[in-house]
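Here is a walk through one protein model, written for someone who would rather look at the fold than at a list of numbers. Have the viewer open as you read.

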Amino acid sequence: MIESQRHSYHLVDPSPWPISGSLGALATTIGGVMYMHSFQGGATLLSLGLIFLLYTMFVWWRDVLCESTLEGHHTKAVQLGPRYGSILFIVSEVMFLFAFLGFFSFFFGTYGRDRRYLPPKWIGVLDPWEISLLNTPILPSSGVVVTWAHHAIHAGKEKRAVYALVATVSLALFYGSTFFLATGFHGLYVIIGTLFLIVCGIRQYLGHLTKKHHVGFEAAAWYWHFVDVVQLFPFVSIYWWGGI
């Protein structure tokens, strides 16, 4: 099928999953509003919408993995799209982060010494040199390990890549279970990145990732490096500077 084409791009077959995903999102939204306003059946509709969304995500990703791994449709030209998309997504997340940190810096620098804008005195301030400092090196360490996994994939050492990914996920879970998730979106980044790496670890164990075909892992590694660097900013700005 691929040899009969005169180009290296993949023309996607018709799929029902965009429609089912839209219906699941619609049911989730309406059910969520009904549930929050105590309408009868809101919880049921919300649950069904979420289940439908999760099912759509699973079967849609299953089809994409089948197209790329078994059918071989993801050529080098096709892989450029996901690579550029991953980079642009990470750049947008960086801008999102700096918007929050910029507002925090402006507000704290302008009103930080005004007692009207400070929390009550009985709320204790976290000591940045205790758990916050001890947990900060964990994510950069996991970034080193995920780079080890990347090099192992390039070298064709499948078992070593699996071990490295298991070590990365272990550090991620250890970080998420001990660090204060009061940094909000950074906690969400850690959860998403951990799930991303778990999926890559399973795919590596199943032999999906090769030296020339591992775009999904590259996206996960880039995202995890972004999470590593992000950790330094909340520590310096919120835990250290904000606690002075």
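## The overall fold

Reading from the N terminus, the elements of the protein go α-α-α-α-α-α-α-α. That makes eight helices and zero strands. Keep in mind that this is a predicted model. Of the 244 residues in the protein, 33% are buried.

UniProt, in an unreviewed entry, puts the feature "transmembrane region" at residues 43–61, 87–111, 161–182, 188–207 and 219–241. Two of these spans can be checked against the model. Residues 43–61 are 100% helix and 0% strand, with the end C-alpha atoms 27 Å apart. Residues 188–207 come out at 90% helix and 0% strand, and here the end C-alpha atoms lie 29 Å apart.

Start with α2, which covers residues 42–70. After α2 comes Gly-72, with a positive phi near 70°.

Helix α5 takes up residues 138–154, 17 residues in total. From first C-alpha to last, α5 reaches 25 Å, close to the 24 Å expected at 1.5 Å a residue. Its buried residues are Ile-138, Leu-139, Ser-142, Gly-143, Val-145, Val-146, Ala-149, His-150, Ala-152 and Ile-153. Here too a glycine follows: Gly-156 comes after α5 and has a positive phi, near 75°.

## The largest pocket

The largest pocket has a volume of about 1,100 Å³. It is lined by 30 residues, and the closest to its centre are Trp-61, Leu-65, Phe-196, Val-199 and Arg-203. The elements that give two or more residues to this lining are α2, α3 (76–111), α7 (185–205) and α8 (215–240). Which of them gives the largest share of the lining? That is α7, with eight residues.

By residue type, the lining of the largest pocket splits into 20 nonpolar, seven polar and three charged. Both domain 1 (7–73) and domain 2 (75–243) put at least three residues each into this lining.

Some single positions are worth a look. Their places in the model come first, and the table then gives a few pairs.

Gly-24 belongs to helix α1. At 0% relative accessibility, Gly-24 counts as buried, because the cut-off for that class is under 20%.

Ser-38 sits in the loop between α1 (17–36) and α2. Ser-38 is not a glycine, yet its phi is positive, about 60°. Is Ser-38 buried or exposed? With 66% relative accessibility, Ser-38 counts as exposed.

Ile-192 is part of helix α7. Its relative accessibility of 39% makes Ile-192 partly exposed.

Lys-212 lies in the loop between α7 and α8. The relative accessible area of Lys-212 is 70%, so this residue is exposed, the cut-off being over 50%.

Three of these residues can each be paired with a residue elsewhere in the chain:

| Pair | Residues apart in sequence | C-alpha to C-alpha distance |
|---|---|---|
| Gly-24 and Ile-51 | 27 residues | 8.0 Å |
| Ile-192 and Trp-224 | 32 residues | 9.4 Å |
| Lys-212 and Thr-75 | 137 residues | 9.6 Å |

Take the last pair as an example of how to read the table. Lys-212 and Thr-75 are 137 residues apart in sequence, and their C-alpha atoms are 9.6 Å apart in space.

Note on methods
Residues are numbered from 1 along each chain as its sequence is written. This is a predicted model: local features need pLDDT of at least 70, side-chain atom pairs count only at pLDDT 80 or more; totals for chains, interfaces and linings use all residues. Side-chain values use heavy atoms; hydrogens and water are left out. UniProt positions are given in the numbering used here, feature names are shortened, and annotations may be inferred rather than shown by experiment. Helices (H or I, at least four residues) and strands (E, at least two) are DSSP runs, numbered from the N terminus. The expected span of a helix is 1.5 Å times one less than its number of residues. On a 1 Å grid over the protein atoms alone, a cavity is a set of points where a 1.4 Å probe fits but cannot get out, and a pocket is an open set with protein on both sides within 12 Å along at least five of seven lines; lining residues have an atom within 4 Å of a point. Grid points are joined across faces, edges and corners, and a volume is the space filled by probe spheres set on the points. Ala, Val, Leu, Ile, Met, Phe, Trp, Tyr, Cys and Pro count as nonpolar, Asp, Glu, Lys and Arg as charged, and the others, Gly among them, as polar. Domain bounds come from an automatic or database domain assignment. Buried means under 20% relative accessible area, exposed over 50%, partly exposed in between (1.4 Å probe, protein chains only).
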